[in-house]
Amino acid sequence: MKKLFLSLCMLGVAFTVSAQYITPMYYKLLDDKNYDLIVGESSGEQAIRSIYDLAPYEKSQRNFDSLFEAVYIRDKAEEYGLEGVVINRYPKEKPTWSGVKGTLWEVAPYTHKLADFNDLPAVLAQGSDDADVTAELVWVGDATDKELDGIDLQGKIALGSANVNVLHKNTMKRGAVGVISFYSPRPLVDPLQIPNASIRVSEGEPLGFGFLLTPRDGYVLRDRLKKGEKVTVHAVVEAKQVDFEYQSPSCYISGTDPDAGEILFSAHLFEGYSKLGANDNISGSAVLLEVARTLNTLIKEGKIERPRRTLRFVWGDEFSGIIPWANANKDITGKALFDINLDMVGLALAEERSYYCLHRTTMANSHYVNDIAENILRYVGSTTNRQSILLGTSPKPVVAPTGSDDPFYYSLVAHYGASDHEVFNDWGVQVPAILMVTWPDNHYHTSADRVEYLDPTQLKRAVVVTAAIAYIAATADEEGALQIGGEVSGNALRRIASIQNVGADKIMVEKANKADSTLKKVLFDLDATALAEKMTLESVKELAPESEKLERFIETQKAIIEKQVKNAQDAVVALSNSRFGTNNSLSGYRLNAIEKRASKMYPKSTAKVREKGYNVLNVFMQELGKEEVQKYNLLNVQDKKEAARLTISGDLSVLDIKKMVDVQNRKISSLEDMITFMELLSELGYVEIRTEK
């Protein structure tokens, strides 16, 4: 009995020791005090109240001279005591379509209102022309040529299940006066969704109008027509073209060192003017406002130190309002360290089966912000509302009083470009930028993008994550830079190992006649990864540019990366030899003639690139002659924007650039075409090419 008691005691001690063990996943770059203060001050409730104020429903009428949303952000920023609060105004080249009225009634055989713009603006397709038409309704299906053959559409209104623009394009040329679509991107998820949609015509084509119905209502009309019932409808549309200015609010929290650079935050405030999605993107705009309030409050109350670097916040129309801000503030973007872009960040993750996604920069903009963001996401994901078999309850819950207590579901994913971070990542702006977004979103770009699908807890966590990432970098001194460099270095080795594993898989599934080319591609992919990781380490130097300690550390870590990559390359060569019975060696892989030439060409961006600003490649295209444009369009360069961005430092050869483009794309670029691309850029003064002997 005594032995059993002692054994149980020893087991208890062992369990207690194990239960006290904290896994490395709980490590974060921000100290506990500042992290806890950010968690405590941030408010999901304040964020969701802003969303209720800004996007409780779609607006059918608005004052374009002074857009309510821009005024709201300005007024709140002033209320919170932010600095430099202003609504920046930028000219708009073309007027914007604005609906005034849109009603659709069935007038025979029944009297029944089918749609009203003032009830739900999404029912009227943007771009619709004025109309007052009574006409017979005709079923056209998906409006393919085959379905339309034999149907008399002259003077009639087409009902179909195709996208409203496709339906409009294919039926108006056959004599229809307008269209009604009940297309939905997710009819089985929600039969009441109406997509945000518009109709577009070429010059000289009839404009007409388009209405959109829910699948629920559209199916009923479809079935009546297919049964042979004659239905007549009366459509009334009134619209106007409005001239106004883009209105982009901005503000900042000043840092203590004007020479230490700035950190930018962006969120698009307008997703069109009739339809403003609660998640897309009033959620990002509201979270950004709450990040500004949280940090500013903590700084002003003396709870956290004022950061060395200025924190600057920008809102505006998606792309259209952020682009002119970036082009008008080249002095700011020129000293910006990075940008954090928030786009759709508020979904209730568990209920919507969604994730909070971090989209990294591309290799051309390799930067430590990716590693800081990953560190914070892992920490919040590991410590927030996630019970551990060792520790029991969550050690660091982040929960809003009226929000869920779900775990924090997050995902670390590759670059994706369809949001405002691409303005900053652009070759002409040159600010590394990340995107954070909740995805998937089953209400995206539809009339169902409403506040009820959002979660104050998720909004609070978005505030915490964003504020923590920024504050880590904004306060980093020599010691902070060393810590961030250590994080980058550790992650770099893991990422290189991942590319090695992917390469090994490619070798194991390849056919013998392609063994050599596949192995060479794997070796090039590892080279590209090493280059990107060394670029990321180099970016850390901007946090302490005068530090000899940091310089020595970075150089040491770069040497370790080179060694790791060589070991990985030796491993995949050995694997290929074993599988195919070859006797290759890493040193035996020689460059061919074109590769040797490309390896000695080093293109470097000139000052002209930033002078031209955002979308500089489009400006470059306009400067090319007709024959050169044809040549340019035929170039097999998988991502010309990325290839151009890779010339910023001047430290990469054309062969390096090809490797780094190829590892990020499914298809392989032509090295000859990559050289031609760089030579075209050089001819017009966008890059200078240094050739080594």
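**The sheet and its helices**

Analyst: This is a predicted model. Strand E4 covers residues 131–141, and strand E5 covers residues 157–160. The two run parallel, joined by 4 bridges. Look along this pair for Val138: opposite it stands Ala158 in E5.

Now step back to the whole sheet. E4 and E5 belong to an open sheet of 7 strands. Read across, the order is E3-E2-E8-E4-E5-E6-E7. The pairing is mixed. At the edges sit strand E3 (112–116) and strand E7 (210–212). Each edge strand pairs on one side only. On average, neighbouring strands are turned by 25° against each other, with direction ignored.

Next, the helices. Helix H6 spans residues 164–172 and lies across E4, E5, strand E6 (178–181) and E7. H6 runs at about 145° to E6. Helix H7 spans residues 215–226. H7 lies across strand E2 (96–108), E3, E4 and E5. Its angle to E4 is about 75°.

One last check concerns cysteines. A disulfide is a covalent bond between the sulfur atoms of two cysteines. With a cut-off of 2.5 Å between sulfur atoms, the count is 0 disulfides. Cys251 has a relative accessible area of 2%, so it is buried. Cys357 is also buried, at 6% relative accessibility. Both values fall under the 20% cut-off for buried.

Note on methods
Residues numbered from 1 in each chain as written. Predicted model: local features only at pLDDT ≥ 70, side-chain atom pairs only at ≥ 80, totals over all residues. Heavy atoms only, no water. Pairing = 2+ DSSP bridges. Axes fitted to C-alpha atoms, helices over the stretch in contact; angles between N-to-C directions. Contact = heavy atoms within 4.5 Å. Buried < 20%, exposed > 50% of the residue type's maximum accessible area, 1.4 Å probe, protein only.
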